[in-house]
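Student: Could you help me learn to read aromatic pairs and sheets in a model?
Tutor: Gladly, let us look at it together.

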Amino acid sequence: MTGHSLDRPIWAALTTKQADLASGGPRAMRFPADISPFAATPDDSPESLAALAALIPSGTAFVTVGKSAAVPPDTTVEKAAPLIQMHAVDLVAPEHSDEVIPLGDANAPEMLELATLTRPGPFLANTHRLGRFIGIRRDGRLAAMAGERLHVDGYREVSAVCTHPDFRGRGYAGLLSRIVADRIRSEGETPFLHAYADNEAAIRLYEALGFRIARELVVQMLRRD
């Protein structure tokens with residue numbers, strides 16, 4: 001693999017900091033199906049794309065992220081969209097809030113419910129096990145959350161930033177994003193994140209927090225025929 005490791009962030013994660021979650025071989029790997037639909041190859045060679053297709057059970061959906069829209073054989077493209085990857089450059093320090101609580105296994109059902117409602121990105125029953133999550137509870141409900149997803153040498157992703165529609169406009173997304181990113185930075189790593197290229201509101205928010213666009217990628221949801 002040539003170029004920057006985050007040109008292929010899924011592959012980089014599965015071959016470094018999250019290798020314990022990887023299944024597959026030298027030409028294609030994926031996360032466990034209950035944790036993430038992410039799968040990746042080290043390159044776009046026909047051999048690697050064929051290995052990726054063979055790794056996915058027939059009829060199963062999976063997601064790839066990279067600089068190109070290479071499609072493995074015997075798969076159908078269900079969705080493809082340009083993606084912006086942003087890195088923290090001049091991160092705004094978070095303010096203290098007693099409302100913020102840690103989230104874990106006991107909170108998994110309500111985390112999945114919130115993510116299913118708000119669709120911040122692929123989030124499954126055990127996605128929360130990819131990293132550390134925090135949230136804000138209001139009126140007995142999980143109002144907002146944010147956490148970590150891909151972990152690469154020197155970089156950790158801020159992800160699953162979402163707010164229930166009933167509690168939007170209160171600054172929760174920005175607050176939780178800053179807290180997650182600041183913790184990553186304090187541990188000597190660079191926070192990064194992804195946003196759809198046409199999600200101008202999210203990009204403006206992250207720019208206000210101190211993130212800057214680092215590269216353009218393509219995200220694809222594919223299904224093995």
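Student: Are Tyr206 and Phe211 buried or exposed?
Tutor: Both Tyr206 and Phe211 are buried. Keep in mind that this is a predicted model.

Student: What describes a pair of aromatic rings?
Tutor: Two things describe such a pair: how far apart the ring centres are, and the angle between the planes. This structure has three aromatic pairs. In one of them, Tyr155 and Phe192, the ring centres are 6.4 Å apart and the planes stand at 80°, so the pair is edge-to-face. Tyr155 belongs to strand E9 (residues 155-163) and Phe192 to strand E10 (residues 190-196), so this pair ties together parts 37 residues apart in sequence. Tyr155 and Phe192 are both buried. Tyr206 and Phe211 also make an edge-to-face pair, with 6.1 Å from centre to centre and 70° between the planes.

Student: Now the sheet: how do strands pair?
Tutor: Strands of a sheet pair through backbone hydrogen bonds, in a parallel or an antiparallel way. Here, three strands make an open sheet, ordered E1-E2-E3, with antiparallel pairing.

Student: Which strands stand at the edges?
Tutor: E1 (23-25) and E3 (39-40) do; each has a single partner strand, so one side of each lacks a neighbour in the sheet. Strand E2 (residues 28-30) is joined to E3 by two bridges, and E2 and E3 run antiparallel. Across from Met29 stands Ala40 in E3.

Student: Which helix packs on the sheet?
Tutor: That is helix H2 (residues 46-55), which touches E1, E2 and E3. The direction of H2 makes about 35° with that of E2.

Technical notes. Residues numbered from 1 in each chain as written. Predicted model: local features only at pLDDT ≥ 70, side-chain atom pairs only at ≥ 80, totals over all residues. Heavy atoms only, no water. Phe/Tyr/Trp six-rings, centres within 6.5 Å; stacked < 30°, edge-to-face > 60°. Helix = DSSP H or I, 4+ residues; strand = E, 2+ residues; numbered from the N terminus. Buried < 20%, exposed > 50% of the residue type's maximum accessible area, 1.4 Å probe, protein only. Pairing = 2+ DSSP bridges. Contact = heavy atoms within 4.5 Å. Axes fitted to C-alpha atoms, helices over the stretch in contact; angles between N-to-C directions.
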